[in-house]
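Here is a two-chain model to go through.

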Amino acid sequence: MSDDEDKVWPTGLNLREAEEVHSYLIDGTRVFGAIALIAHLLVAVSTPWLG
Amino acid sequence: MPKLRDIALRRLASLTPKYLPFADVATDDVPLSRLLRLSLFQVTVGMALVLLIGTLNRVMIVELSVPATLVAGMLALPLIFAPFRTLIGFKSDTHRSALGWRRAPYIWKGTLYQFGGFAIMPFALLVLSGYGEAIDAPRWIGLSAAALAFLLVGAGVHMVQTVGLALATDLVKDEDHPKVVGLMYVMLLVGMVISAIVYGALLTNYTPGRLIQVIQGSAVVTVALNLTALWKQEARDRTRAREMETAKHERFSVAWRALTNRPGAKPLLVLIGLGTFGFGMADVLLEPYGGQTLGFSVAQTTLLTAIFAAGTLIGFAIASKALSAGSAPLQLAAMGAAVGIPGFLAIILSSVALGPALFVAGTLFVGLGAGLFGHATLTATITDAPAGRVGLSIGAWGAVQATCAGTGVLLAGIVRDVLVGLSPATGLSAQTPYNIVFGIEIAFLVATVAVALPMLMKSGRRPKAKREPVPQNNPVEVS
């Protein structure tokens with residue numbers, strides 16, 4: 001990996017741009033994970049599974 | 001071998017932009033199809049509004065037997081976030097991004113919140129109503145989960161609408177702004193009407209399972225529509241990205257003061273608040289009014305909503321046309337408020353004389369006034385926005401508009417309930433509580449016109465308003 005900030009990679013993005021796109025993906029996954037966790041907890045409260 | 005690698009790389013490079021969510025070229029002329037696609041975010045906003053104010057309101061009280069005061073409190077929660085629209089708009093104006101994006105990240109975040117809220121909402125409501133084993137669960141779990149769900153949806157709606165409108169403003173030329181505003185309003189109305197019909201049909205036979213399906217289905221549809229709307233709309237811009245890096249960070253309070261200290265900015269916000277409040281109280285009361293005092297059937301009251309919507313659409317159309325032709329937005333806003341006054345008068349009088357015909361005419365007029373007023377005030381906000389502060393301006397508009405519309409709806413319900421509760425004791429007739437609320441609305445619309453008139457006179461003296469004079473008899477002075 002080169003550290004050249006301005007090099008445009010075959011994706012059409014340079015390093016910082018790619019990192020930003022990646023950060024949206026990571027943020028989305030985190031929020032999604034938190035939401036899924038809360039939803040599961042709530043379902044477990046009303047209709048418990050696993051005993 | 002290196003040749004093969006070159007070919008592969010070139011293929012990759014030509015292929016990938018298709019699968020990346022940004023437009024590479026910002027064309028001067030944005031085709032209508034692209035604007036239509038962008039306006040899909042308004043459909044999701046309309047969907048969320050109908051679900052919160054209409055559908056869930058009923059489902060929570062009737063099917064889940066949650067106390068009405070608690071329901072009203074929960075539904076009022078998203079209102080808390082309405083003032084933050086200014087902050088969201090400002091942050092999107094001054095956002096720093098390596099991609100040169102200002103709006104897209106916020107629409108994406110707002111979509112996530114909307115999705116998250118809808119995803120946990122059905123379970124939160126079931127726990128709140130004590131469904132299944134939840135009857136033994138501590139009360140705070142259901143309460144806090146439901147509050148979180150409503151807050152998330154509310155925050156998402158505020159973000160998506162504010163920043164989405166700012167993006168739409170960014171994309172088109174100045175003279176096309178009235179048309180875009182019209183398009184956005186129409187799509188909001190379309191989203192509300194379609195989702196009201198769909199939710200009504202889906203929830204006729206209520207089961208807890210169906211509730212989960214419907215609300216989580218809304219979550220998926222929201223993400224799908226918003227992503228479709230956002231796809232390739234905002235251009236990637238390396239020059240702008242570099243400018244963002246070096247741009248001096250302005251404080252929100254400074255920008256806010258600069259915005260509100262411009263001449264005519266504060267009166268405009270007051271005008272928006274008064275008028276929106278005046279029209280906002282009508283929405284929820286027209287149907288029960290028709291049912292209780294004029295003996296309309298359910299099908300007929302649904303028709304009333306259609307008539308109201310038709311009036312609003314006509315208002316949007318007139319406003320789009322007049323504003324594109326160069327008439328002053330303020331003048332149209334005042335006209336809209338002025339048209340609403342005889343409309344409400346007709347509605348009040350219909351309980352005394354002439355009955356349904358007058359009532360329908362009044363409904364149409366109120367719809368027309370609301371359409372004119374809404375369109376004209378948003379257009380005024382956008383055209384008056386200082387350079388680089390479009391998001392902040394639209395945020396201020398949205399904060400005032402959402403707060404006043406929301407409190408209008410809530411207050412109308414409360415005032416009516418209180419008065420209905422009083423009537424057996426005091427011997428009031430069925431229409432009196434409604435007529436009092438409609439009377440309050442007339443008072444607010446009169447105040448709106450009263451605020452608008454001095455502004456109009458002032459702007460008439462300002463050389464800026466020296467556009468093509470549009471010949472029209474101004475009904476402001478008449479009423």
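Contact here means heavy atoms within 4.5 Å. The model is predicted.

Q: How many residues of chain A and chain B take part in the contact?
A: Chain A gives 23 residues and chain B gives 33 residues. Together the two chains bury about 2400 Å², with 73% of it on carbon and sulfur atoms.

Q: What makes A:Arg16 and B:Glu245 a salt bridge?
A: The rule asks for a side-chain nitrogen of Lys or Arg within 4 Å of a carboxyl oxygen of Asp or Glu. The closest N and O atoms of A:Arg16 and B:Glu245 are 2.9 Å apart. That value is within 4 Å, so the pair qualifies. A:Arg16 sits in helix α1 of chain A and B:Glu245 in helix α10 of chain B, so the bridge joins two chains.

Q: Why is A:Arg16 called partly exposed?
A: Buried means under 20% relative accessible area and exposed means over 50%, with partly exposed in between. A:Arg16 has 35%, so it falls in between. B:Glu245 has 43%, and therefore gets the label partly exposed too.

Q: Which side chain does B:Arg238 meet in a salt bridge?
A: B:Arg238 meets A:Glu17, at 2.8 Å from N to O. Between chain A and chain B the count is three salt bridges. On the side of chain A that touches chain B, the residues divide into 14 nonpolar, six polar and three charged.

Q: How do you know that B:Asp170 and B:Arg102 form a salt bridge?
A: Their N to O distance is 3.5 Å. The cut-off is 4 Å, so the pair counts. B:Asp170 lies in helix α7 and B:Arg102 in the loop between α5 and α6, so this bridge ties together parts 68 residues apart in sequence.

Q: Is B:Arg102 buried or exposed?
A: B:Arg102 has a relative accessible area of 17%, under the 20% limit, so it is buried. B:Asp170 has 31%, so it is partly exposed.

Q: What does B:Arg103 form with B:Asp170?
A: B:Arg103 forms a salt bridge with B:Asp170, the closest N and O atoms being 2.7 Å apart. B:Arg103 lies in the loop between α5 and α6, and B:Asp170 in helix α7, so the parts tied together are 67 residues apart in sequence. B:Arg103 has a relative accessible area of 1%, so it is buried. Salt bridges with shared partners join B:Asp93, B:Arg102, B:Arg103 and B:Asp170 into one network.

Q: How many aromatic pairs are there over all chains?
A: The count is twelve. In one of them, A:Tyr24 and B:Trp101, the ring centres are 6.1 Å apart and the planes are at 25°.

Q: Why is the pair A:Tyr24 and B:Trp101 called stacked?
A: Pairing needs centres within 6.5 Å, and stacking needs planes under 30 degrees apart. With 6.1 Å and 25°, the pair passes both tests, so it is stacked. A:Tyr24 is in helix α1 of chain A and B:Trp101 in the loop between α5 and α6 of chain B, so the pair joins two chains. A:Tyr24 is buried at 14%, and B:Trp101 is buried at 6%.

Q: What makes B:Phe252 and B:Trp256 a stacked pair?
A: Their ring centres are 6.3 Å apart and their planes are at 20°, so both values meet the cut-offs. B:Phe252 and B:Trp256 lie in helix α11, four residues apart, about one turn of the helix.

Methods. Residues are numbered from 1 along each chain as its sequence is written. Chains are lettered from A and ligands numbered from 1 in the order in which they are written. This is a predicted model: local features need pLDDT of at least 70, side-chain atom pairs count only at pLDDT 80 or more; totals for chains, interfaces and linings use all residues. Side-chain values use heavy atoms; hydrogens and water are left out. Buried area is the accessible area (1.4 Å probe) that two parts lose on being put together, summed over both. Ala, Val, Leu, Ile, Met, Phe, Trp, Tyr, Cys and Pro count as nonpolar, Asp, Glu, Lys and Arg as charged, and the others, Gly among them, as polar. Buried means under 20% relative accessible area, exposed over 50%, partly exposed in between (1.4 Å probe, protein chains only). Rings of Phe, Tyr and Trp (its six-membered ring) pair if their centres lie within 6.5 Å; planes under 30 degrees apart count as stacked, over 60 as edge-to-face and the rest as tilted.
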